[in-house]
Structures are given as C-alpha cells and as structure tokens.
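Biologist: Could you walk me through this fold? I'd like to hear what stands behind each label.

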Amino acid sequence: MSSSPKNLKERLQYYGTPGKDFPRFDVNSPLPKELEPTLRYEAHLGLRALPTALNVLTFFNWLFSRVGRFRTMTGPNLQQWMPANLSRLRPDKFSDEYFVERRLNGFNPGKLNRVEGKEWQYAINYQTGRYKAEPGGILPIYSEARFVLRDRALYVHSIEYCWKNQTIVCYPTDGEKWEKAKYYFRSAEYVFQEIQSHLGRTHMNMDQYAMAFYRNVDKNPIYELLYSHFEGLLSIDKRGASLIIGNSGFLTTASALDMSSVDGILIEEIEVLSYRWSPAKQVLPDPIDNNYFDRAALAMWELLEKYVGEFFTNNQEAIQTHWPEIEAMSEDLVKHSILKSEYGTLEIKNLEDLKTLCVYLIYHCTFFHSWVNNKQYEDGGDVEYTAIGLWDKDSPYYDAKKVEERHNSQVKLMWTLASVHYNPAIEFAPLPLKKLLWEYRDRIEPGIPLGWIMMSINI
Ligand SMILES: [Fe+2]
C-alpha cells in the first residue's frame with residue numbers, strides 16, 4: 001500500500017468543461033508524483049515493449065537500436081517473427097466454429113443480442129457508418145453476423161453488410177465471398193473492441209471514478225478497498241492519450257478512422273455508462289455450453305459482492321464517520337458526469353449505492369479490463385485473421401508499404417498491451433479477495449486464466 005496522497009483536489013485537474021467533455025484527468029497537466037508508476041512497473045513494461053511500441057521507453061529504444069539483430073524485427077519480417085498468437089496456433093482459425101467461439105469468448109465479448117421472429121436467434125450488429133473512413137479505407141456502413149441456436153450451441157447463419165451503398169448477404173456456403181464477409185466483420189468488431197469496450201468502458205469510464213476518488217477520499221476505509229485497483233490508471237491514460245487516441249496514436253494511424261470519429265464514439269459510449277449496472281443485465285438468456293464469458297462475468301460479480309459486502313460489514317462505522325468524503329466524491333462525479341438523464345445519475349446517496357459502486361469499479365478494473373486488454377493479442381496479433389484497418393487494393397489511394405507499416409504497428413502494440421501483466425490479483429489482492437478468486441476459479445477459468453486477472457488498469 002502506497003502512502004496516502006494528500007491535497008490531490010488541487011493537484012488533479014479535470015480536462016475541459018464539466019458536464020460537456022467526458023470527465024477525465026487533464027493529460028496536459030503534470031501527474032502528481034505519488035501517482036506515477038513504480039520502478040517495478042517500468043521494468044515490467046520494458047520487458048514486454050517492442051522498441052517502437054512505446055516512445056516513453058527511451059532506455060530500451062537506445063538499447064535495441066544498438067543491437068543489430070533486434071533491428072531486423074522492425075523490417076519486413078516483423079509479422080512472421082512476432083511470437084505466435086492464439087489464431088496462429090489454430091489450424092481452424094478460418095472455420096465457422098472458431099468464428100462462433102471468438103464471438104462468445106474473444107477480445108470483444110458480451111455483444112450478442114437475442115432476436116425474435118427471424119430464422120436466426122442471435123445477432124451482433126456493428127454500426128460503423130458513423131465513423132469517417134479515410135480515402136481508400138474499407139469500412140462497411142454496418143455489419144451484422146447472425147447465429148442459430150441449436151442444442152445449447154450457436155452456429156453462424158449469415159452475415160449482412162453494407163458497402164458502397166450495396167447490401168450484401170453472405171452464407172457459409174458462399175466460398176470466398178463468405179470468408180471476405182467474415183473478415184470485414186472481424187475488422188468492424190476490432191474497431192468497436194478498442195474504442196468502446198477497451199478504451200471507453202474501462203480506461204475512460206474508470207478515469208472519471210479515479211478522479212473523484214483521489215480528489216476526495218483519504219480517511220474513509222474505502223480508500224483501502226479501492227486504492228490498489230486504481231494503481232497506474234491515470235498514468236497509462238496520460239501515456240495512452242498520445243499513444244492510442246491522439247492524432248498520431250494507434251487508433252488513428254493503424255485504422256482507417258480519423259481522430260474526431262474516435263472521440264465521438266468514446267463520448268457516445270461514456271454517456272450511457274452508469275455504476276448502476278451488473279453483468280446479469282446482458283447475459284444471454286439461453287444456456288450455451290461454450291459461453292464462458294457470461295459464466296466468468298457472473299462468477300466475478302458474485303464473488304465481488306461477497307468481498308465488498310464483508311468489507312462494508314467490518315468497516316461500516318468508519319465509512320459512516322467519514323461520509324463527508326463520499327459526499328464530496330459524489331459531488332465531483334455528478335458535476336462532471338456526461339451520463340444521459342434517462343440513465344439516471346452517478347450520485348452516491350447512501351451506503352447501498354457506495355457498495356454497488358465499489359463492486360462495479362473493482363469488476364471493471366480487474367476482470368473486465370483484463371479480459372478486453374489481455375486478449376488483444378489473441379485476436380489482433382494476426383493480421384491475416386483480423387485487422388483494425390483495411391484498405392481497398394483497387395483504390396487509387398492504396399499504398400502497399402503504408403498498409404504494411406500500419407499492420408506492423410497493430411501487432412506490435414497488441415503484443416505490448418496484452419503482455420504486460422503487472423500485479424495479478426491472485427498474487428497481489430488482499431487475502432479475502434484472493435481466497436474468493438481461488439474458490440471461484442472453475443467458473444472463471446474456461447474464459448480467462450485466473451493469473452491473467454490484474455489488480456488494476458495499468459496498461
Ligand atoms: Fe488497457
């Protein structure tokens with residue numbers, strides 16, 4: 001446990017206008033020293049980052065630039081020389097069975113919706129039309145994959161997408177056309193995985209809670225409960241602002257999107273997210289044998305309710321004694337929130353609200369971020385399988401060298417982001433949480449290895 005940060009209210013400034021810009025730490029201001037990453041964190045990052053993946057690693061850049069053998073990794077061999085990801089280890093990576101499996105358990109889970117009155121029972125629909133693609137970029141207006149439910153299993157039925165004002169429907173018997181439809185779908189999914197699920201729902205959503213927490217909570221026992229789950233968040237969000245979402249960041253350079261599209265979709269995501277949510281609201285209504293995500297998500301939520309419940313029972317008096325800190329936290333949350341009114345408010349009115357909020361925060365900082373972050377290389381580490389940016393070879397804007405560079409930056413960044421495993425919860429969590437994780441491991445593990453669940457969002 002680090003020493004308690006003091007006077008953070010003055011030293012942690014929000015970006016932009018309250019209630020208008022999505023609430024977050026102003027990355028143009030200095031990060032208070034006590035929130036900077038530990039040396040151990042920097043060492044972990046250094047062990048996993050490729051030379052050009054993170055420009056902050058000046059020492060490693062220097063080192064690699066002097067080791068000729070490593071330099072060839074940045075040349076034409078890069079994609080083949082990268083360590084194999086999950087899809088490269090699957091001879092069936094283009095099969096329809098694997099397609100279904102990854103929609104259930106891959107890096108962007110929880111997107112299937114029940115459909116009534118159709119030949120299919122489930123669908124995933126990505127509306128990409130609101131993104132602006134650069135000239136030559138391939139980005140269907142929408143892309144929908146449909147699935148039939150049979151004997152507790154899903155089977156892909158068809159994919160419909162719209163491209164150049166043409167609606168195209170493909171079926172598994174359509175040969176090359178079918179493979180192309182799946183590739184486009186996986187690419188659309190990748191865009192949403194990064195912007196909505198990863199950046200929006202975890203990094204930026206949690207940033208607003210970390211700000212309200214750091215600025216106001218000090219003596220209240222929930223400081224002890226939450227502090228280690230926010231470790232490294234503001235720091236990585238500050239680095240990520242230029243590395244991932246800025247003009248020269250990964251999303252704008254490796255994909256066919258421009259920066260304002262990325263910002264727009266982040267806002268749309270954050271303005272519907274509230275801590276009054278639980279995974280029970282989005283689980284699939286039918287039992288599906290290999291739906292490991294829902295099983296793990298529900299298990300994690302259940303164990304966190306126990307863990308937080310017990311913490312509140314043991315600390316109830318002190319939590320109430322220092323309630324003015326919670327009121328101040330609540331005020332910051334409400335004042336800066338961009339939550340749409342139909343989704344309620346982020347106000348913390350009572351002990352029950354605070355308990356709900358703590359479960360929600362720990363769930364996202366541990367389990368959900370670990371899922372969408374640590375699985376990035378499994379899916380995104382193989383351009384042949386999926387790419388966050390696609391370009392039309394028939395377009396006059398097509399530049400083969402540039403496309404290759406962009407695909408290289410995709411696999412390098414995915415490797416770094418997915419490989420930094422700093423503070424696994426099963427090693428670093430307080431004993432009561434460790435015990436629960438171990439007790440629930442059979443429900444969590446088919447979906448994600450227990451050792452992949454980290455304490456906080458730090459990469
Ligand atoms: Fe992340």
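Biologist: What do β3 and β4 form, and which residue in the turn has a positive phi?

Modeller: They form a hairpin with two residues between them, and Asp151 in the turn has a positive phi of about 50°. Bear in mind that this is a predicted model: local features need pLDDT of at least 70, side-chain atom pairs count only at pLDDT 80 or more, and totals for chains, interfaces and linings use all residues. Residues are numbered from 1 along each chain as its sequence is written.

Biologist: What makes β3 and β4 a pair?

Modeller: Two strands pair if DSSP finds at least two bridges between them. β3 and β4 have nine, in the antiparallel sense, so they count as paired. Ser143, for one, stands opposite Tyr161 in β4.

Biologist: And what makes something a strand or a helix?

Modeller: Both are DSSP runs numbered from the N terminus: helices are H or I with at least four residues, strands are E with at least two.

Biologist: Why are β1 and β5 called edges?

Modeller: The open sheet has the order β1-β2-β3-β4-β5, with antiparallel pairing. β1 (113-114) and β5 (166-170) each have a single partner strand, so one side of each is left without a neighbour in the sheet.

Biologist: How do you know which strands helix α6 touches?

Modeller: Contact means C-beta atoms, placed from the backbone, within 7 Å. Helix α6 (residues 96-105) touches β2, β3 and β4 (153-163).

Biologist: What angle does α6 make with β4?

Modeller: About 90°, using axes fitted to C-alpha atoms, for helices over the stretch in contact, with angles from 0 to 180 degrees between N-to-C directions.

Notes: Contact = placed C-beta atoms within 7 Å.
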